Amino acid sequence: MRGSRRADASCVTIQTKKLEWQFRPRDRKSFVLGVLIFQAAILVAAEFLVDTWLRHELTLAPAVADRVFVFRISIAFCVFLMTGVILFLASKRYKDTLEQANDELACEITRQVSSGLSKRNALIFGLAKLADYRDTDTGAHLERIGLYARVIADTMRPNHEEIDAKWIDRLVLASSLHDIGKVGIPDSILLKPGRLTDEERATMQKHTLIGADTLLAIRAKLGPDEFIDMGVEIALQHHEKWDGTGYPFGIERNEISLAARIVALADFYDAVTSKRVYKDAMSHEQVRNMICDLRGTHFDPEVVDAFMENEREFNTIRAHNQEQDVNSLKIMDLEYVARQFIDEQTQIRYEAAA
Ligand SMILES: [Fe+2]
Ligand SMILES: [Fe+2]
């Protein structure tokens, strides 16, 4: 019996294959039938020999010999039948045991794959957060973008076949990779308070290519992966614009991936409503009006409509997920978290040694 099981964990789907039946159903039937025929042949031959011996050696009366013969035949038939039932039950038990072993194996594989993917996703998110620390102080920017992207994708879902629950989960995590390429941009440009020169802007714009290149290097090691593929699209295209005036390639409309179009708006909203070392924050109302004005030029009109439908929720997410600015970031807090971790590790080592 063949079987397959889809192990879904977080953003990636992996297929596992059940163990092959060593004893296929057709083989099992043939085996049971073969044993029964063989046993019948043995019984008939034995009966013939015993009958001949009884009649000729003991010279029983014909009537008595016939009754003994019928009795022996009945016993033989019962033995024959019971053997069949026992064989059938044994084979069924074997099948159930094997199926149970298959299920347990599939569950274990699913659990391990899920655990591996969770670790990978956590590491990738940590990597993205590291890059985000460069200019957003605490990295809460990434969490908010994921929440905004989920709201927009949920709203657009009825009109897009490609959007399902797994796609949205992938989007939420992959959105954190949008600016991963900023690790390759010098602080003097990344954190510059004033306007960038043309040369500096060109360097800054390279963060899209650096980000995509970084993720493609991971992809080259991992092989094709839906999550990494989406991450590459987002890193590369989140500054492309609906009318084709964006960068790095100036592609337009549906040439830009849907995930990148959604993240573009989420990133813009969050960047403009957040304070940075080089700029002040704008109010939700101001940014909402800006986004409305940019409908069909900078942003996909459908994405803007989904934003407008949920603009109150955007404001709520922003209010509930505020980051501390660089000046209020408490070193004491960081020290407390680090000390807590060290204490935990010491306790684990102490318990292991005890
Ligand atoms: Fe960016
Ligand atoms: Fe960003």
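The protein folds into 13 helices and two strands, where helices (H or I, at least four residues) and strands (E, at least two) are DSSP runs numbered from the N terminus. This is a predicted model, in which local features need pLDDT of at least 70 and side-chain atom pairs count only at pLDDT 80 or more, while totals for chains, interfaces and linings use all residues. Residues are numbered from 1 along each chain as its sequence is written, and chains are lettered from A and ligands numbered from 1 in the order in which they are written.

The protein has an average pLDDT of 81, and 83% of the residues score at least 70; pLDDT is the predictor's confidence in each residue, from 0 to 100. Helix 11 (residues 301-309) has the highest mean, 97, whereas strand 1 (residues 4-9) has the lowest, 41. Over residues 1-21 the pLDDT is below 50, and this stretch has 50 contacts in the model beyond near neighbours in sequence. Where pLDDT is low, the predicted coordinates should not be read in detail.

Of the 354 residues in the protein, 25% are buried, that is, with 20 or more other C-beta atoms within 10 Å of their own, C-beta atoms being placed from the backbone (exposed means 12 or fewer, partly exposed in between). Two residues are in contact if their C-beta atoms, placed from the backbone, lie within 7 Å. Among contacts between residues at least 6 apart in sequence, 69% join residues at least 24 apart.

The axes of helix 3 (residues 140-156) and helix 9 lie 9 Å apart, at an angle of about 130°; axes are lines fitted to C-alpha atoms, for helices over the stretch in contact, and angles run from 0 to 180 degrees between N-to-C directions. Helix 3 is therefore oblique to helix 9, given that angles under 35 degrees count as roughly parallel, over 145 as roughly antiparallel, 65 to 115 as roughly perpendicular and the rest as oblique. Residues making this contact include Tyr 148 and Ile 152 of helix 3 and Leu 265 and Tyr 269 of helix 9.

Helix 9 (residues 258-273) also meets helix 11, their axes coming within 10 Å and crossing at roughly 50°. On the helix 9 side the contact involves Arg 261, Ile 262 and Leu 265, and on the helix 11 side Val 303, Val 304 and Phe 307.
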